[in-house]
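Subject: Structure for your files

Hello,

The structure we spoke about is below. My notes on what was found follow it.

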Amino acid sequence: MFGKEVVRKLQIVITLKSEGDFRDVAEREPEDPIDEIPIEPSIVGQKAMFQRVWRCLREKVGIIGLYVVCKDLKLEKVQDDIGRKMGLIGDSWNNKSIEDKAQDIFKVLRKKKFVLLLDDIREAIDLNKVGVPLPSSNIASKLKVGEDTINSHPDIPDLAKIVSKECADFPLALITVGRAMACKNTPEEWNDAIEVLKRSASQFPGMDEVYPRLKFSYDRLLSDRIRSCFLYCSLYPEDYKICKKDLIDCWIGEGLDECDRNRARNRGYTIVGDLIRACLLEEEDDDSVKMHDVIRDMALWIACGIEKEKENFLVHAGAGLLESPNVRKWEGMRRISPMENKIWNL
């Protein structure tokens, strides 16, 4: 009895296969959206970063995709990196235009909860052209100014959106400007910030778009002494772990406080704290700090260009030099940094 039923079912299947179109029965399963790679367990700052991402996972999001974007940003490269994670890469994908790729990415991501992290962005990236759906939440929340400030006046949420737009949605600029505005509770202060950001962007044509926005936070530091201490940090090589004690000793040597060494040391730690809270320095651990490479580039842009008459740095730190820079370049310099090289003779 069961044999006859099996034969009958098989005949139905054969008939359906001959009459139907089964070219697209199922889609290829996409790659795992997260790459797992071996890492050293002792990477400084790793634990804090992991905890921050884990907190986001628990509170708001279900998937985090991490992509690193190089300084020479190419829109299609970003699309390909995202498309590869979603299983879209293939002969058909490679022949598509940027617009068609954006449409494919949008169709998938609009149905998902996701976080896209783009690191080391030096120029504006149009997420619409990539195909990434824009967040529906209030963009003012990205400014990190706190609910008390946002809710302190009914006009501030809309003004915060304008500030965000003037930051060109650069994450680093949003963070540093947001911290600078964290205690600004009046519309007048926010309107002033908008005017400053607009003016700074127009004053420096041809520069990386992010630098004038970041300079806003530098200009908002409380004194010239703090600004000078901040610029001093750019003398260290890129991604260098700076010992707080050694840094403060250097500041004291520069005349941080000529009256009392203990008072000067306390003042130094206060300045370090001010720069961390302004997001111009990153705290690695209790004893050290680091300067983000984009922030460092901005600091050198100020020290070697905008404020050249007052500061005027010559920095070749960590450049792999075997011989010292041409001595003629040293003339008129206030600070010179050839540290972390292989120079045997000065």
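Which residues gather in a patch of negative charge on the surface? They are Asp155, Asp158, Glu188 and Glu189. Patches take residues with over 30% relative accessible area and no salt bridge, like charges being joined within 9 Å. Glu189 lies in helix 10, residues 187-203, and is partly exposed at a relative accessible area of 31%. Here buried means under 20% relative accessible area, exposed over 50%, and partly exposed in between (1.4 Å probe, protein chains only). Helices are DSSP runs of H or I with at least four residues, strands are runs of E with at least two, and both are numbered from the N terminus.

This is a predicted model, in which local features need pLDDT of at least 70 and side-chain atom pairs count only at pLDDT 80 or more, while totals for chains, interfaces and linings use all residues. Residues are numbered from 1 along each chain as its sequence is written, and side-chain values use heavy atoms, with hydrogens and water left out.

Trp301 is in helix 15 and is buried, at 12% relative accessibility. Its C-alpha atom is separated by 10.0 Å from that of Ser234, 67 residues apart along the chain.

Then the salt bridges (a side-chain nitrogen of Lys or Arg within 4 Å of a carboxyl oxygen of Asp or Glu). The structure holds 19 of them. In the pair Asp104 and Lys96, the closest N and O atoms are 2.3 Å apart; Asp104 is buried at 16%, whereas Lys96 is partly exposed at 28%. Asp192 pairs with Arg220 at 3.2 Å. That pair links distant parts of the chain, with Asp192 in helix 10 and Arg220 in the loop between helix 11 and helix 12, 28 residues apart. Lys245, Asp249, Arg261 and Arg265 are linked in a network of salt bridges.

Finally, the backbone. Asp239 and Cys279 are not glycines, yet each has a positive phi of about 65°. Asp239 is partly exposed at 46%, while Cys279 is buried at 16%.

Regards

Key: Patches are made of residues with over 30% relative accessible area and no salt bridge: like charges are joined within 9 Å, nonpolar side chains (Val, Leu, Ile, Met, Phe, Trp, Tyr) within 5 Å. Accessible areas come from the Shrake-Rupley method with a 1.4 Å probe; for residues, only the protein chains shown count as cover. Lys and Arg count as positive and Asp and Glu as negative; His and the chain ends are not counted. The place of a charge is taken as NZ of Lys, CZ of Arg, CG of Asp or CD of Glu.
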